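These are my notes on a single chain, taken in the order in which I looked things up.

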Amino acid sequence: MAGIWVASRAVTTWFMLFLAAHQGPTYWAPARPGYFRFAQFWDSGWFHTIATSGYPLRLPLDEAGHVVANAWAFLPAYPAVVSAVMSVTGIPWDVASVLVAAACSLGAALVLDRLLLAVLHRRSPFTVALFCFGPLSAVLQVAYAESMAVLLLAVALLLLVRRRYLALIPVLLLTDLTRPLGVPLAATTAVVVGLRMLPGARERLQRRHLAAALAAVVVSVVGAVLWPAVAWLATGDPSAYVASEVAWRQGRLGPGSFLPFTAWIRAAQRIAPGGLGLVLLALGVAAFAALLVAHPAVRRLGVEVRVWAAAYSGYLLAVFDPQSSTFRLLLPLFPLLGAFAGIRSRTVRIVLLVLCVAGQFLWIAATWARWHVSGWAPP
């Protein structure tokens, strides 16, 4: 599996170097930046700010009194780990941030292999290859927290499958401080434990695991509100975290209170007015739900992976608005790639991998590389 990861990172690095060589001047770097500078584009600067300056104790406001973009929207675990690596090794942020991300992506690939072995009872190098070469895999070796988040998520799901509830507790908390996955993780933990407690459950929770399982559920719920609570205590504003997250969408949707699910509804109405967009949105949600419930290849992935996919997808529908970053936000659904493990045709496998590699280049070119000063399609 490590060999697959090495090959994939070589391909991604070549793509990044090629596009960086054709990159014009940007807000973050002069024209034709080196790899490590190119890997610091977009939100990477916020993690650097957190590592060097911490979080603001007063929320920045615009002239109308609305909270504007600030560091509270980004969680502290990734910049903290990078800072620790910098302190130990003395290497600069540009290099350390990329090395930490790349190392975590290797860990994620290896743990995904173990997760698939646990749920499918066999290894699937092809699934790991889809993950490593996938259209979004470039984000696994830039100064973003995604690779650390998918590593921790894979570990959390593996521990949940293996019923290692006490070991799961610190992983849940660390994941909650890496990316905003706390709410769907809490829902997944609670639902899976609840299903195992039902009379007649196929693999009913044993009494010796009950206390640890319930503790994991409680900790998962606490972890879901941990960072919002920290932001509240630090700033004195109970809505500090949510307001900071919502600040990013004000340029597209305008200021206003956050209402769950409304962003997707508005987007559907924009794309296809007259009710057609809402119908298409409903059909898409229904089709995905049916896939999780009824498709044999997905069912073989086990209840833990399917509950996670349902919880996280519902969370995205509730709190995020569809835009170019939505593709990156789909990355935590990577365990569903295990549904492709049963493909036997060599031709189909090659075609899928070629599409992944092509999609990766297009994703980097369309989102990460900034071809026009006025362009705005964040990854």
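I looked up the radius of gyration: the chain has 21 Å, which agrees with the value near 21 Å for a compact globule of 379 residues. The radius is taken over C-alpha atoms, and the globule rule is 2.2 Å times the number of residues to the power 0.38. Along the principal axes, the C-alpha trace spans about 60 × 60 × 50 Å.

I note that this is a predicted model, in which local features need pLDDT of at least 70 and side-chain atom pairs count only at pLDDT 80 or more, while totals for chains, interfaces and linings use all residues. Residues are numbered from 1 along each chain as its sequence is written, and side-chain values use heavy atoms, with hydrogens and water left out.

Secondary structure. I find 19 helices and 0 strands in the chain. Helices (H or I, at least four residues) and strands (E, at least two) are DSSP runs, numbered from the N terminus.

Surface and burial. I read an accessible surface of about 17600 Å² for the chain, 70% of it belonging to carbon and sulfur atoms. The areas come from the Shrake-Rupley method with a 1.4 Å probe, and for residues only the protein chains shown count as cover. Of the 379 residues, 48% count as buried. Buried means under 20% relative accessible area, exposed over 50%, and partly exposed in between (1.4 Å probe, protein chains only).

Contacts. Taking contacts between residues at least 6 apart in sequence, I see that 69% join residues at least 24 apart. Contact means heavy atoms within 4.5 Å.

Salt bridges. A search of the whole structure gave me 4. The criterion is a side-chain nitrogen of Lys or Arg within 4 Å of a carboxyl oxygen of Asp or Glu.

I took Asp113 and Arg123 to begin with; their side chains meet in a salt bridge at 2.8 Å, N to O. Asp113 sits in helix 5 (residues 93-120) and Arg123 in the loop between helix 5 and helix 6 (125-133), 10 residues apart. Asp113 counts as buried because its relative accessibility is 3%, whereas Arg123, at 44%, counts as partly exposed.

I then checked Arg328 and Glu146, whose closest N and O atoms are 2.6 Å apart in their salt bridge. This pair links helix 18 (residues 326-329), which holds Arg328, to helix 7 (residues 146-161), which holds Glu146, across 182 residues. Arg328 is buried at 8% relative accessible area, and Glu146 is buried at 6%. Arg179 joins Glu146 and Arg328 in a network of salt bridges.

Arg196 forms a salt bridge with Glu304, with the closest N and O atoms 2.3 Å apart. Arg196 lies in helix 9 (residues 182-197) and Glu304 in helix 17 (residues 302-319), so the pair ties together parts 108 residues apart in sequence. I find both Arg196 and Glu304 buried.

Ser8. I placed this residue in helix 1 (residues 2-21). Ser8 is buried, with a relative accessible area of 1%. Neighbours within four places in sequence aside, Ser8 is in contact with Cys132 and Phe133.

Helix 11. Which residues of helix 11 (residues 226-235) are buried? I list Trp227, Ala231 and Thr235. Seen down the helix axis, these buried residues fall within an arc of 55 degrees, so they line one face of helix 11. The arc is that of the directions from the helix axis to the C-beta atoms. The buried residues of helix 11 pack against helix 12 (240-246). Just after helix 11, I find Gly236 with a positive phi of about 80 degrees.
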